[in-house]
Structures are given as structure tokens and as C-alpha cells.
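Reader: I have not looked at this one before. Can you take me through it?
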Amino acid sequence: MHDKTAEQALKELKSAASGLSQQEAGERLKQYGLNEIREGKRISPFEIFIDQFKSIVIWILIVATVISAFLKEYIDAIVILIIVILISVLGFVLEYRAERAIEALKRLASLKATVIRDGQRKEIDSREIVIGDVIFLETGDKVPADARLLEAFNLQTQEAALTGESQPVKKHTEALPEKIQVADMKNMAFSGTIVVSGRGKAVVAATGMQTEIGKIATMIEDVKPEPTPLQKKMDELGKWIGKVVIAIAVIIFAVASFFQEKPLLENLIVAVAVAVAAIPEALLAIVTMALAIGTQRMLKRNALVRRLPSVETLGSTTVICSDKTGTLTANEMTVRKLFVNGKVIEVTGTGYETKGQFLFKGKPVKIDEIKLLLRVGALNNNAELKGSSVIGDPTEGCLIVSAAKAGLKKEDLETEFPRTDEIEFTSERKMMTTIHNHHGEKLAYAKGAPEVILRLCSYISMNGDVKKLTDGMKKEILEANKEFAGDALRVLGFAYKTIITDKEPEKNLIFAGLQGMIDPPREEVKLAIEKCNKAGIKVVMVTGDHEVTAKAVAREIGLSGKVVTGQMLDEIKNLEDWVEDIAIYARVNPEHKIKIIDALRKKGHVVAMTGDGVNDAPALKKADIGIAMGITGTDVAKEASAMILTDDNFASIVNAVEEGRGVYDNIRKYIGFLLSGNISEVLIIFLGIVFGLPLPLTATQILLINLVTDGLPALALSADPYEPNAMARKPRKLDEPIFKGLNPFLVYYPIVMTITSLLVFGWFYFGKDNLFMAQTAVFLTISMFELYQAFASRSTIYPAVKVGLFRNKYLILAALSSFVVIAASIFIPSFGRLVDMSRLGVAEFIFIVAISSIGAIIIELCKHYKTRNEAVEVNI
């Protein structure tokens, strides 16, 4: 309807300026349905709980529980079952945030609306509005449906939540071109937006799910979140463990049946028992705990994670698509430049802080030179400065701040120059004038569009003197205005006069100067983007703002690349062929954001997308990691997101990415630590059977190793500081196996441990002819190998001495506790009998404790050789 005149719109909608009849409205209500957002299928708490059991690893643990119970290994069965329950409950509690996006959209709907029915103005429930209804809009109203404006008197609406436009949008009734973005449809009022000033009359063009907000609701329902990289990798790991466990059972059964003359059932029981022992029961619990700890660490750095696996997804991020207003910028308009006395004055300071300087060619200027211009800006003003926040129009607010930087406080000025009258701003006039009394003298202070103000000026104030305004001076002022606009500054002109007659307060004005303002970048953003570049992460600006403004902000924060507008995006067919070179997307709508995400994904990227408005919700849900703003974000955006920034700051996203990388690195530590022990245990038992030896370990000893020497240090490692230099490494590839780089842990270490353990077993079994001592010696060897390896696992990349061998106090406590249990089981007979242990000599004990360090030493040597030329920044 935006491309139609008001009369054409009424005709097409089969309506009239006098509205619909009640009968016609009733028939249309039956035809089009209620004006409301339909609610999608909600996820029940039971479904969330069931989702916790979709992991293959969980099902492997459940099968292991059943098998252990069948083999009468009840302690094993109980321990594994407790682990399964803990994992499921923890996942449920942390993810019990059902999708509420559609419900939040419904809350945006207006409750009541004023319409014309049967020629009478009346108030009705907004759900009963139909296409063709004529509605009235007043300041403070929430627009009940999408409507084509018929009348607009100084009408402005706040559309930030829908379009991303940070400033109130001035409305008019003129027809517009057909192919324009929603943000540019200034003759339309949209459902869910707020009328901030003026009044209007409009004919309803769309209701319910056909409105722009309804289309977004449909998009949210249609978007299906993808599994996170970690979920995919854990599923792959689960499948691998499942295949390995089955293969172990089959091979051990076949080998035992071939090499040992025992009943087949006994061989089957041994094979199944060993296969169950190979399952790292604690792995998924430790991973879940690592993610939970990651969420707490991120919260301390202003990032609230709503979905547990998203912690790690952040670490995989290769592209951050960030909104401009409020994220890259402070969302606080700031005066940057003045044009006064024929000079361009730089203004320092950002936001609403009243500290700053006025510089000409780098040197401070005298306040008297700029005092008049700043005073006009502060007094011709309806905003208020309260502490470091502005009440009212942000543009007027920054004028109060610029005056305060010169020591001119608005409240003091208003006492000295009390306002007596006002000629209000309108979109037609493009200016505002206030009348003030000063010691019996009447003064008019005017501000507005520079060309409008200049047209009304006959004189100019130059260094305190009033001079005739020449054509040359006007040209110079307009050139300064053009220069300011080229820097993406919003420019206002200021003028004044002493009123002699009340009839002409806006004629023959004296020009005072220009003030240029912008929503400046946050101070920390430039450094954060440099950090991203170093980490191999591409930063892209996606904004509803104009191209010129977007480019100016990008220039300041060090963002370079091609600029594409929403209109250009509509014409690009294969965006994936262009997407790598584009750094700025301007004047975009919700569909464009989905298109951008899809194109980046086709190029193999993991995409983080920020947003705060209703219009951002589909993209937040579609992205690998949707990031909503905690302060300015709408409920819809927050519910569709995976993470919420509590400070709306881009730098916090970068901090969260660093935390995500740290979590992934720690998960690799656990995998390296836990799987290496299980691989070694299976190899030892398997080769023992092949060589015709008795079982080198009993089931009870295996359980004790898994709980004490594996479980306790693994829990301690979950609180380990992250790997150094996390943000100096490029993002890992999506198809990169989680095992990459873990050969020292998963190959070399198990081989060394297996050989050492079998040699120790042979020493006691053949040398001392004592099976119980041999099994105890193997238990001690494996246990000490694991305890030494726990310290080597403090980093899978760098030698432990470089990251701080004893920096993790929890690991020291866990290792000491485990060692005490090991020693007690060997030297305290009553305890030893419970866990199938035999007493060893002190010299034998010390010898095994000493030689068991060889596995950790080999891991450390491998890491040292690989990173010998790298400097390490240790994380505290």
C-alpha cells in the first residue's frame, strides 16, 4: 500500500475515510480472522527432559548399566546409572528455557484501538480490527496493525524493535516507490511500533500473521536450529565408542575362545565385562560440567548463555555479524564537530559524559568563542540530562552535553534565560524556535536543518560581532555542512535574534553556527576487532542504518571491505560468491539477515549473529549462535537467542568467544585424559588373553581406577584454567576431528603404559609366582601413570611446565587424595581385601611409582618438540 496514494489505498481496501460499518467489519473478521499472532507448538518440560537422552553416548551408558547389572556387577551398574541421571538432570535444569518467541510477540500486540465504525469513533479490542478499518493514532499509542497513513500531523514512530532504525521515524502521507525496504516506508505505521509524537489517521492494510511482525513470527516458526558443532562431535565420538566397544567384545571373545580352554559362556562374560570397562563413563558428565562452568565464567564477562552446547559453539565461530547501533556504538548521540566563527572545532569525549575539550587544529579554543552556539543548543531543547543518561530525544540530549562540556549547565541557563514561548518543530518546517526572557529583553533561539535556518538568516555572529551574512559566507557554511554530512554526522544549524515585534520571531535571524553529531563507536570496539582479526574471526556489520553512517563508523573501528545495501542484496542471486569480500550490510531487513547467514554457512563458516529487535529474531534463531542484547533487546530477540549480552557490548562477544575456545580446549583435555586410560586398560587385558595370561586386572580394580585415579583428577581438570594463546590461533575447521593433535595422549601414551604394565605383571607373576601381587602391581602402575598424566593434561598443546605444573590447586588435591586411596588399598590389609589388593614391598611400591612417570614424560617431550618456538601467555 505504500506505493498507492491515500485515495487509491482506500479504494483497493474497499474502505472509505468514514471507516467500515459494523456489519462489514464482522464479515471481514470471519474472512481474515482475529488480529493476533498465532502461537506455535510449545515445547513441554517433559520433551526437554527427553531431549537429554538423544545423545548416543547416553544410550551407550544405559546399555552398559543393563549389562553390568546382568553380570551382577551391581556397584558398576549403580555408578553408571547415577552418572546418567546427573547428566540428564543437569542438562534439563540448564536448558529449561522453552522457546517463548511467539509468546513474546503476542505481548507486543496493542490491547485497545480507536476506530471509526458506522461513522462513529469508538474504542475496540485490537484483536477485532480488520483490513479496511480506519484507526486513529495518538502519542503513546502502540500501533495495532499495519496501516497506510491518511493523515499525519508531526507523527513520529519508534520502529527500532522492528526495523533496527535507532531514531524516531517521521511519517507522511505521500505515495512512495514500489521497491523500497520496510524501514523506508514512511507513509506506513507498523503493528507493535510506538507513536512517540504527533497524531495520525490510517487505514488498516494487514492484520495478524500478515503484518510485518506476523511475517517475522512465521519466519521464527520456520527456522529450525541446527545441532551445534560440539553436539555433532559428541555424536561422532559416541558412534566411535559404540563401534569400538562392540569390536572389543567380539575380538576378545574370539581370541579367548581360540587361546584359552574355557567355557564359551565364561569367555563371553569376560569379553562383555572388558568392553563395558572400556566405556569412559565419566566423560559426558565431565563435558557437561565443563560447559556449565563455562556458562558461569561467561556470565562474569557479561555473557549469559541460555543453551549449554552454545558455550563451545562460540569457540568455533569464524564470523561475527554485529548490529551497529548500541553494540558497535554506544547508542548515545555525541557532538563531534562545531562550525563557528568560520572555523571547524573538534569536540572530544564520547556518550553522555560531560567531560571533553574543544580543539582547533589540536589546540584548545576559548569558551567565549563558542559559548553563544552552545547556549542556543542547550536552551532550544526539550530533553533532560540526568546523571549520565538522557530523557527525551537523543539528538537534543547531546546538545545539552556539548554545552555542559563548556561549563554551561542547562538548569542554570534556564534560570538566567527562562522560556516564555515555543514554536514547535514539524516535518514541514524542519525547525524549532523557543522564546526566552533575559533581563526584560526577548530572545528567539532557533535550531533546525542547516539550509532552512540559513535561509532565514540575514546576519552572522563572528567572534562576538554581528555582521551582514554574505553569499560567500553562506557558501562556506553550506560547504562545512556538506563536509560534516560526508563524515556521517547529523548536522543542525543554530540562530538567534532579539525580538522587537512578536509578529516575526523567525525572520532576519543571526546565524550562530553548526553542530555535527553521531552515535560514536564504543572505545573498546576497535581493540576487540583487532583481537578478532588476530584470532582469524571475520567481523561484519549488519545494520538497518544508512550506508554513509555505516561506512563512517566502520572506518573508525578498523572495519574494511565492500558495502552492500538491502536493495543490492535483493538483486544478488549467488550471495555466497560475494560474501567473503563484504564487510558492511546497510539498510537490511529480516529476510536479508537469513540470506547472509545461509551464504556464510555455504562457505563453511560458523556464524554468530547479534540483534536486539523483533526483526532480528529469525536470524538469531537461524545463526549458529544468536546473541541478543540484554539492555536494549526485546523479549522476542532474547527468547530466540542462544546467548544474551548483559552490557550490549561487542567486546563482550569477543570475550565470550575466548571463553568458548577455552571450554573446547578443556574438553579435549578430558578426552585425552580419560580415553587414554580406557584404551590402555583394554589393551592390557586383550594382550594378556592373547599371551595366555590370567586377567591382569580384576573388575573391582578397574572400577577403582575409573572412579579414583580417573574420576577425581578429571573433575579437577574441569576447573582448569584455559589453554594459553586461545585468541592467537585460527578457528578450527568444522570437519576437524576432536582427536586432532592428541596422538601423544591416545597413541604413544597407551602403548608405553601397556608395555610397562605387562612387564610389571610378568615380573610379579613369573618372578614371584603370585597372581594377586601381579594384579596389584598392574593396578598401581596404571594408577600412577594416570596421576602423572593428569598433570601433563593441563595442556594438550604446551608443556605443563610452561602453563604452570601446579597452578590448579584442585588437581593437586585430587591427585593427593587418589594417591592416599591407592596407598591405603595396598598397605592396609582390611581395605585391600575389599578391593582385591595384595600388599607390596615398600621398595617395589617406590620403584613402580617412579617408572610410571615415563608416560607423562613422553607426552611432555612431544608437546615441547611441537611448540618449542612459541611464547606462552599463561591464563590465571
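Predicted model: local features only at pLDDT ≥ 70, side-chain atom pairs only at ≥ 80, totals over all residues.

Reader: What is the mean pLDDT of the chain?
Author: The mean is 86, and 91% of the residues reach 70 or more. pLDDT is the predictor's confidence in each residue, from 0 to 100.

Reader: Which elements have the lowest and the highest mean pLDDT?
Author: Helix H6 (residues 101-107) has the lowest, 43, and helix H32 (residues 842-851) the highest, 97. Over residues 97-106 the pLDDT is below 50, yet this stretch has 32 contacts in the model beyond near neighbours in sequence. A contact means heavy atoms within 4.5 Å.

Reader: How many helices and strands are there?
Author: The chain has 33 helices and 28 strands. These are DSSP runs numbered from the N terminus: helices are H or I with at least four residues, strands are E with at least two.

Reader: How much of the chain is buried?
Author: Of the 876 residues, 56% are buried. Buried means under 20% relative accessible area, exposed over 50%, and partly exposed in between (1.4 Å probe, protein chains only).

Reader: Which residues touch the most others in the largest nonpolar core?
Author: Met541, Phe650, Ile667 and Leu780, out of 136 residues. Helix H25 (residues 650-690) gives the most to this core, with 18 residues. A nonpolar core is a set of buried Ala, Val, Leu, Ile, Met, Phe, Trp, Tyr and Cys residues joined through side-chain atoms within 4.5 Å.

Reader: What does Phe650 touch?
Author: Leaving out residues up to four places away in sequence, its contacts include Ile320, Leu328, Val525 and Cys532. A second, separate core has 51 residues, among them Leu10 and Cys321.

Reader: New topic. How do E24 and E25 run?
Author: Strand E24 (residues 562-565) and strand E25 (residues 582-586) run parallel, joined by 4 bridges. Strands pair if DSSP finds at least two bridges between them. Val563 stands opposite Ile584 in E25.

Reader: How many disulfides are there?
Author: The structure holds 0. A disulfide is a pair of cysteine sulfur atoms within 2.5 Å.

Conventions. Residues numbered from 1 in each chain as written. Heavy atoms only, no water.
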